[in-house]
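Please open the structure in your viewer and keep the selection panel at hand. The tour below goes from stop to stop, saying what to select next and what is there.

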Amino acid sequence: MKRVFSHLTVQPDLILLQNASEPFIDDNFFYVTGLDQGLFEGSTALLYPDGGLDLIVSELEAETAKHTDAHLHTYKKKETSNGLFQPQLASATTIGINFAGIAHQQFMKLLEQFPSKQFIDVSDAFTKSRAIKDATELAHIKRACHIADQVMEKIPELTRESLYEYELAAEIGYLLQKHGADKPAFDIISSFGAHTAEPHYTHGKTRLHRGDLVLCDFGACFKKYNSDITRAFIFGSPSKQQQDMYDTVLEAQEIGIETARAGINACDVHRAVSKYIEKSPFAGRFIHSTGHSLGLAVHDGGIGFTDECTDILQEHMVLTIEPGVYLPGIGGVRIEDDVLIKKQGVEFLTTASKAFRRI
Ligand SMILES: [Mn+2]
């Protein structure tokens, strides 16, 4: 993982990543080790500019950690783990830390234990490095996308009058794993009717009725990499307003897809999409960004299709394109695909049907 060092202007002697307990686990631990199993609570990774890697892990996960070429050190008691890398730190003066991913308590312990060291923030270098996916990462993401596609295509078979939102969520979760996901990428969104107007509502005890919009937003996590797809359906026949919403969002997404390519400013994609919706009858009802980077994290940080992000799109970035419109009390539509940025445009990684399906 020398790439991380190449994004740093001030070179530390080494980079130290440390996990606390779930949920304070640093994704970068998996990024640098390539490990695709295990939890690694309390584990530490030391990265050197020459590409070397030391791992300090609990003996509980020593077997799992053997799937790397790292030098492995194991501890029995958590309190002794920092002592195990004292020799490696002895000759170092500057130590890179992911300030965005270390628990405050862990960092305070390091300061106390190694008072003469200078700790510098290397979080930006990880963000930049992770934005560009390598072949293995892409293969994992593609698989995660394919699994999510297969499940999305099954939604029409799963819905019926009076179905509960949580029942549909349970079916989706089951099918994701049955199709090869290690787990769902995030809490499954399966909302009906007015709830579809709440972008981050997940699911509850609402039943499905004729005329309801159905919004499904979920992803597969495969070997720690995620997909993220959204489709909207109609239970029965759409009203004119529902049809207009769907058509507007679909066209907005098409505009985003046509705009995105390597060399383009990320904000220009969002602006093109937003401009179209603002001229539609749904002006003011597009209330989030057009998309986000995707990878080890569902919101992979750094780059995104927002009004503020001025990063230039580069080949091998993976982002979502997901415009939506939301009418409080009535319902909402969002259509989301995952795309790989290429020189001339984008490659779709998710491909489930985008017809406004009557279910
Ligand atoms: Mn998304």
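Begin by selecting Lys224, which is found in the loop between β10 (220–222) and β11 (225–226); helices (H or I, at least four residues) and strands (E, at least two) are DSSP runs, numbered from the N terminus. Phi of Lys224 is near 80 degrees, a positive value in a residue other than glycine. With a relative accessible area of 22%, Lys224 is partly exposed, where buried means under 20% relative accessible area, exposed over 50%, and partly exposed in between (1.4 Å probe, protein chains only).

Before moving on, note that this is a predicted model, in which local features need pLDDT of at least 70 and side-chain atom pairs count only at pLDDT 80 or more, while totals for chains, interfaces and linings use all residues. Residues are numbered from 1 along each chain as its sequence is written, and side-chain values use heavy atoms, with hydrogens and water left out.

Select next Phe40, in the loop between α2 and β2, which has a positive phi of about 60 degrees although it is not a glycine. Phe40 counts as buried, at 0% relative accessibility. Glu41, placed in the loop between α2 (27–33) and β2 (44–47), counts as partly exposed at 32% relative accessibility. Leaving aside residues up to four places away in sequence, Glu41 touches Ala20, Ser21, Glu22, Ile25, Glu61 and Tyr75, contact meaning heavy atoms within 4.5 Å. Glu41 and Ala20 are 21 residues apart in sequence, and their C-alpha atoms are 5.6 Å apart in space. From Glu22, step to Pro23: a cis peptide bond joins Glu22 and Pro23, with omega about 10 degrees, and Pro23 lies in the loop between β1 (14–18) and α2.

Now turn to the metal. The manganese ion is coordinated by Asp228 (OD), His292 (NE2), Glu322 (OE) and Glu336 (OE), at 2.1 to 2.3 Å; donors are N, O and S atoms within 2.8 Å of the metal (3.2 Å for Na, K and Ca), and water is not among the atoms, so sites may look incomplete. Along the chain, the donors of the manganese ion follow the spacing D-x63-H-x29-E-x13-E. His292 in strand β13 (residues 291–292) and Glu336 in the loop between β17 (331–334) and β18 (337–341) are 44 residues apart, a pair that links distant parts of the chain. Both His292 and Glu336 are buried.

In strand β17, select Gly332, which is buried with a relative accessible area of 0%. Among the residues that Gly332 touches, not counting those up to four places away in sequence, are Thr196, Leu213, Met245 and Tyr326.

Finish with a helix pair, showing α11 (residues 240–259) and α12 (residues 266–278), which pack at an angle of about 155 degrees with their axes 9 Å apart. Axes are lines fitted to C-alpha atoms, for helices over the stretch in contact, and angles run from 0 to 180 degrees between N-to-C directions. The helices α11 and α12 are therefore roughly antiparallel to each other, given that angles under 35 degrees count as roughly parallel, over 145 as roughly antiparallel, 65 to 115 as roughly perpendicular and the rest as oblique. To display the contact, select Thr248, Glu251, Ala252, Ile255, Gly256 and Thr259 in α11, which meet Asp268, Val269, Ala272, Val273, Tyr276 and Ile277 in α12.
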